[in-house]
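Visitor: I would like to learn how to read pockets and charged pairs in a model. Please take them one at a time.

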Amino acid sequence: RPVRKCMGLRPGEKLDVLRDPLTVVSVRRERLDLMLTDIEYGFEEVRREGFELHPHYRWPSEWVAMFCSTHKGCRPDTVITRIEFQYHPTT
């Protein structure tokens, strides 16, 4: 179930559930800079992340730089865990 925050909740704080459960389709480890060395894959990943229309992060290089700046110790050659999921239709 996707939530806004699940770790570091203060006493009394409750989970902020974003939507109904989802299904994990695949999980794999890969270097972040795969988005830079395989540019077609990079643009597809930017699209999947929902940034294809964002004015600052629509290029794979911009997205990788943003990701590294928001994840402590992350560099383009860092091996990350990529989780692909599928939403279920809401009823």
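Visitor: What is the volume of the largest pocket?

Guide: Bear in mind that this is a predicted model. The volume of the largest pocket is about 600 Å³. Among its 15 lining residues, Glu49, Arg82, Ile83, Glu84 and Phe85 are the closest to the centre.

Visitor: Which element supplies the largest share of the lining of the largest pocket?

Guide: Strand 2 does, with six residues. This strand covers residues 79–87. Helix 2, helix 3 (60–70) and strand 2 each give at least two residues to the lining.

Visitor: How many residues of each class are in that lining?

Guide: Eight are nonpolar, one is polar and six are charged.

Visitor: How many salt bridges does the structure hold?

Guide: The structure holds nine. Start with Arg28 and Glu30, whose closest N and O atoms are 2.9 Å apart. That distance counts as a salt bridge because the cut-off is within 4 Å.

Visitor: Is Glu30 buried or exposed?

Guide: Glu30 is buried, at 11% relative accessibility. The limit for buried is under 20%.

Visitor: Which residue does Arg31 meet in a salt bridge?

Guide: Arg31 meets Asp33, at 2.6 Å from N to O. Asp33 counts as buried at 14% relative accessibility, while Arg31 counts as partly exposed at 43%.

Visitor: What separates Glu44 and Arg47 along helix 2?

Guide: Helix 2 spans residues 39–48, and Glu44 and Arg47 lie three residues apart in it, so about one helical turn separates them. The two form a salt bridge, with the closest N and O atoms 2.5 Å apart. Glu44 is partly exposed, with a relative accessible area of 29%, and Arg47 is partly exposed too, at 42%.

Visitor: Which residues are linked with Glu44 and Arg47 in a network of salt bridges?

Guide: The network also takes in Glu45, Arg48, Arg82 and Glu84.

Key. Residues are numbered from 1 along each chain as its sequence is written. This is a predicted model: local features need pLDDT of at least 70, side-chain atom pairs count only at pLDDT 80 or more; totals for chains, interfaces and linings use all residues. Side-chain values use heavy atoms; hydrogens and water are left out. A salt bridge is a side-chain nitrogen of Lys or Arg within 4 Å of a carboxyl oxygen of Asp or Glu. Buried means under 20% relative accessible area, exposed over 50%, partly exposed in between (1.4 Å probe, protein chains only). Helices (H or I, at least four residues) and strands (E, at least two) are DSSP runs, numbered from the N terminus. On a 1 Å grid over the protein atoms alone, a cavity is a set of points where a 1.4 Å probe fits but cannot get out, and a pocket is an open set with protein on both sides within 12 Å along at least five of seven lines; lining residues have an atom within 4 Å of a point. Grid points are joined across faces, edges and corners, and a volume is the space filled by probe spheres set on the points. Ala, Val, Leu, Ile, Met, Phe, Trp, Tyr, Cys and Pro count as nonpolar, Asp, Glu, Lys and Arg as charged, and the others, Gly among them, as polar.
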